Amino acid sequence: MIIKAVDAVKTYPRKNGEANFFYAVQKTSLTIEKGEFTAILGRSGSGKSTLLNMLCGLLSPTEGQILYDDTDLYKMNDAELSLFRNKHIGVIPQVQSVLPNLTVYENITLPCFIDNNKADCYNYAEELLKLMDITHLKDVYASDLSGGEMRRTAIARALIQKPDVIFADEPTADLDDENTVNILKLFKNISESGTAVFIVTHESDTIKYADRVYRMDNGIIKSKS
């Protein structure tokens, strides 16, 4: 699957001032290839999270298109888009997103119940628990986890459906140095197996793992490599 942003723009209205809107993302076109590890670096407020949210189906662009092969993401209705995202897209949001009233295992396997894909899910969930080093937390409620444990649970949940692309917004923010390296290596391995990986981050060490690196500033994206 090839993902394209075609002249994508995101603006927001202003309540006061001479300009009646501002650009969160200025006109942007980019392509994410199968198996490509892409990283976007930039300061907070640079527009990188907004771009990621447009690419993964969470935020419609003001102008332009987001294409998955020949499918225009934002021409789907809400139900179609939800099913498409659940099957093809794994998202690791910047904020903690695990459900506190579910166990680690229940959080990880939750996407499998949306399209009734339970058969393959359970075995893979066990693999992901080991991969994230959280097997011992399998039956612990998310409300009792540390920030880093919640982050690893969210990463496992994003991987459970074996999506075509992983979008990760500051995925190592709550992790110590050892787990940061482990997760970046994991993403590299995932990309080498054919899954596209798209990360926005402050973590400069991501550069050595990525195939393509961009920098974003004031809503403008520039290629670094």
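S6 and S7 pair in the parallel sense over 4 bridges, where two strands count as paired if DSSP finds at least two bridges between them. Ile-92 stands opposite Ala-168 in S7. Keep in mind that this is a predicted model: local features need pLDDT of at least 70, side-chain atom pairs count only at pLDDT 80 or more, and totals for chains, interfaces and linings use all residues. Residues are numbered from 1 along each chain as its sequence is written, and side-chain values use heavy atoms, with hydrogens and water left out. The element names are DSSP runs numbered from the N terminus: helices (H or I) have at least four residues, and strands (E) at least two.

**Around strand S7**

- On its other listed pairing, S7 runs parallel to strand S8 (residues 196–201), with 5 bridges joining them.
- Within that pairing, Ile-166 stands opposite Val-197 in S8.
- To get from S7 to S8, the chain passes through helix H6 (residues 177–192), and this β-α-β crossover is right-handed. That label applies if, with the strands pointing away from the viewer, the path from the first strand over the helix to the second runs clockwise.
- Strand S7 (residues 165–169) is largely enclosed by the rest of the structure, because 5 of its 5 residues are buried. Buried here is under 20% relative accessible area, exposed is over 50%, and partly exposed is in between (1.4 Å probe, protein chains only).
- Val-165, Phe-167 and Asp-169 point one way from S7, Ile-166 and Ala-168 point the other way, and all are buried. As background, side chains in a regular strand alternate between the two faces of the sheet.

**The largest pocket**

- The largest pocket comes out at about 390 Å³.
- Lining it are 17 residues, of which the closest to the centre are Arg-85, Asn-86, Ile-89, Val-91 and Pro-111.
- Helix H2 (78–88), strand S6 (89–92), helix H3 (104–114) and helix H5 (147–159) are the elements that give two or more residues to this lining.
- By class, the lining has 10 nonpolar, 5 polar and 2 charged residues. Ala, Val, Leu, Ile, Met, Phe, Trp, Tyr, Cys and Pro count as nonpolar, Asp, Glu, Lys and Arg as charged, and the others, Gly among them, as polar.
- For the method, a 1 Å grid over the protein atoms alone is used: a cavity is a set of points where a 1.4 Å probe fits but cannot get out, a pocket is an open set with protein on both sides within 12 Å along at least five of seven lines, and lining residues have an atom within 4 Å of a point. Grid points are joined across faces, edges and corners, and a volume is the space filled by probe spheres set on the points.

**Salt bridges**

- The count is 5 salt bridges, each being a side-chain nitrogen of Lys or Arg within 4 Å of a carboxyl oxygen of Asp or Glu.
- One of them joins Glu-36 and Arg-212 (3.2 Å, N to O). Glu-36 sits in the loop between strand S2 (21–32) and strand S3 (37–41) and Arg-212 in strand S9, so the pair ties together parts 176 residues apart in sequence. Glu-36 counts as buried at 9% relative accessibility, while Arg-212 is partly exposed at 31%.
- Another has Asp-217 meeting Arg-43 (2.4 Å, N to O). This pair links distant parts of the chain, with Asp-217 in strand S9 and Arg-43 in the loop between S3 and helix H1 (48–55), 174 residues apart. Asp-217 is partly exposed at 35% relative accessibility, and Arg-43 is exposed at 55%.
- Arg-151 and Asp-174 also meet in a salt bridge (2.7 Å, N to O). Arg-151 lies in helix H5 and Asp-174 in the loop between S7 and H6, so parts 23 residues apart in sequence are tied together. Arg-151 is buried at 2% relative accessibility, whereas Asp-174 is partly exposed at 34%.

- Strand S9 (residues 212–217) and strand S10 (residues 220–223) run antiparallel, joined by 4 bridges.
- Arg-215 stands opposite Lys-222 in S10.
- The hairpin has 2 residues between its strands, and Asn-218 takes a positive phi near 55° there.

**The antiparallel sheet**

- An open sheet of 4 strands has the order S2-S1-S4-S5, with antiparallel pairing.
- Its edge strands are S2 and strand S5 (71–72), each pairing on one side only.
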